[in-house]
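Reader: I have a structure open and would like to go through it piece by piece. Can we start?

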Amino acid sequence: MSKASRRILSVALLLAAAIGVLVACQRFVADEEEVQTQPVASPEEGGAVSRDPMPEEAMSVEALPQGQAAEPEGEVDWSPRELSGQAWISCSLDYREGDGAALASLEREALREGVEACREGQVVRVRYTGKINPEFTALVQRVTVTADELGIVHRVLDLDSTGGQVEDAIRAGDWIGNHHWTLWVREDSVCHSACVFVLAGGDSRVLAGRVGIHRIIRLSSTATSRHELNTELQAVYGTVRAYLERNGASPLLADVMKTVPNRSLRLLTQEELAAYGLDGNNAAQDDLDRVRLLAKCGDDFMQRRDRWVRAFEERCRAEREVFARNACGLELRRGLGFPDDECPAESPLAEFNAVEPTLGAAADATAGGDDPAGAEPVPGADVAAKGSPDVDGTAGGG
């Protein structure tokens, strides 16, 4: 090869390398632009605050609580408590009509009076705005017990919270996971910091509002060095990972939280919410239900249920309002023969079984009769034909 040819080749290689670096930088910038953050005025006012004292065994890095089990449930404590946030009880799933009656007290009589009206529709919706704290956990527990006593099997927690105490979010989330709650974050609401842990517990999550994360703060720390503080935080994050894992969410979320300063807030995208197991159907609950539902409701039910989940993912997730997303899912389930005659309570969006006719009429009036998914109506046979091949497990859904 001549000297001139070698020179031309060298210039070409340098040019190619420069273009490669430029493309990589552009990709990095594009990815950075996709990550939305916003400042937090005071992370202590809400946020992800850890206050519980550290047990001695957790102070050893070797003793971090991998695979830690939930605390024993025990009896609900009915001692006097006052809500620091606000709560409403409604028997309607159409929040455009309002949020029902304000809950003045957490006393047993007041709760029973508020929840009893929901017997006919078999669903109670709790709208809560405020911090995640012991009073919030008590609210969720007491409404659950009251609904059980009245035979109300469906409950929806309609959340709007900037966060609060990590340990209380975990206690509430474990309780929610054991008692079959659906969780909403409406388009006019947020779920930030410790509130995100509550989402992990729901059987189903419908998220239209903003969901954000940042680092956990140790306000009760006794650490006198960075090493001691880091050891405490490792123990807390170990507890968080174990909680996420047993509730079907990704423990990687805890690692991502560490990278966000507690005076900032990273807003999670729809793709991230699905990837971390915080949106749609709870994967752990799906696994738990599959064998039981197959035996109780049959193979045809399970195949139609799986097709509904896939169709919901493809057609309804893009809706920007909780109401519109639910209406889209209801339209899809009608095409697939839900609610099922033999297994109505196990059908997708079963909380709408008693109120679907009125909700459907309202949705048609709002949309002018258009399909809520923004596409042509899909009868059951078409969904079966267009759906993905049947698989053993279910994907996320609403």
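Predicted model: local features only at pLDDT ≥ 70, side-chain atom pairs only at ≥ 80, totals over all residues.

Reader: What is the cut-off for buried?

Author: Buried means under 20% relative accessible area. Trp 184 has 0% relative accessibility, so Trp 184 counts as buried too.

Reader: How are the rings of Tyr 95 and Trp 184 placed, and what kind of pair is that?

Author: The ring centres of Tyr 95 and Trp 184 are 6.0 Å apart and the planes are at 70°, so the pair is edge-to-face. In the chain the two are 89 residues apart: Tyr 95 is in the loop between β3 and β4, and Trp 184 is in strand β8 (residues 181-185).

Reader: What about Tyr 128 and Phe 136, how is that aromatic pair arranged?

Author: Tyr 128 and Phe 136 make a tilted pair, with 4.9 Å from centre to centre and 45° between the planes. Both residues are buried.

Reader: How many aromatic pairs are there in the whole structure?

Author: Four, from a search of the whole structure.

Reader: Which ring does the charged end of Lys 258 sit over?

Author: The ring of Tyr 237, at 5.0 Å from its centre. In a second case, the charged end of Arg 304 sits over the ring of Phe 338, 4.8 Å from the centre of that ring.

Reader: How much of α10 is covered?

Author: Most of α10 is covered, with twelve of its 17 residues buried.

Reader: And how far does α10 reach from end to end?

Author: Helix α10 covers residues 299-315 and reaches 24 Å from its first C-alpha to its last, which is close to the 24 Å expected at 1.5 Å a residue.

Reader: New topic. How many disulfides does a search of the whole structure find?

Author: Four disulfides. One of them is between Cys 91 and Cys 118, with the sulfur atoms 2.1 Å apart.

Reader: Where do Cys 91 and Cys 118 sit in the chain?

Author: They are 27 residues apart and link distant parts of the chain. Cys 91 is in the loop between β3 (86-90) and β4 (101-102), while Cys 118 is in the loop between α2 (108-116) and β5 (123-129).

Reader: Why is the disulfide of Cys 91 and Cys 118 called left-handed?

Author: Because the torsion about its S-S bond is about -80°.

Reader: Is Cys 118 buried or exposed?

Author: Cys 118 has 1% relative accessibility and so counts as buried. Cys 91 is at 30%, so Cys 91 counts as partly exposed.

Reader: Which cysteine is Cys 297 joined to?

Author: Cys 297 is joined to Cys 343, at 2.1 Å from S to S. The link is left-handed, with -110° about the S-S bond.

Reader: What is in contact with Cys 343, leaving aside neighbours within four places in sequence?

Author: Lys 296, Cys 297 and Phe 301. Cys 343 has a relative accessible area of 2%, so it is buried.

Reader: Where are Cys 316 and Cys 328?

Author: Cys 316 is in the loop between α10 and α11, and Cys 328 is in helix α11, twelve residues apart. A disulfide joins them, with an S to S distance of 1.9 Å. Both are buried.

Reader: Last one, the sheet. What is the order of its strands?

Author: The order is β4-β3-β5-β6-β8-β10-β14, an open sheet of seven strands with mixed pairing. β4 and β14 (280-281) are at the edges with a single partner strand each, so one side of each has no neighbour in the sheet.

Reader: In what sense do β5 and β6 pair?

Author: In the parallel sense, over seven bridges, with β6 at residues 154-160. Arg 125 stands opposite Val 156 in β6.

Note on methods:
Residues numbered from 1 in each chain as written. Heavy atoms only, no water. Helix = DSSP H or I, 4+ residues; strand = E, 2+ residues; numbered from the N terminus. Expected span 1.5 Å × (residues − 1). Buried < 20%, exposed > 50% of the residue type's maximum accessible area, 1.4 Å probe, protein only. Disulfide = S-S within 2.5 Å. Pairing = 2+ DSSP bridges. Phe/Tyr/Trp six-rings, centres within 6.5 Å; stacked < 30°, edge-to-face > 60°. Lys NZ or Arg CZ within 6 Å of the ring centre and 35° of its normal. Contact = heavy atoms within 4.5 Å.
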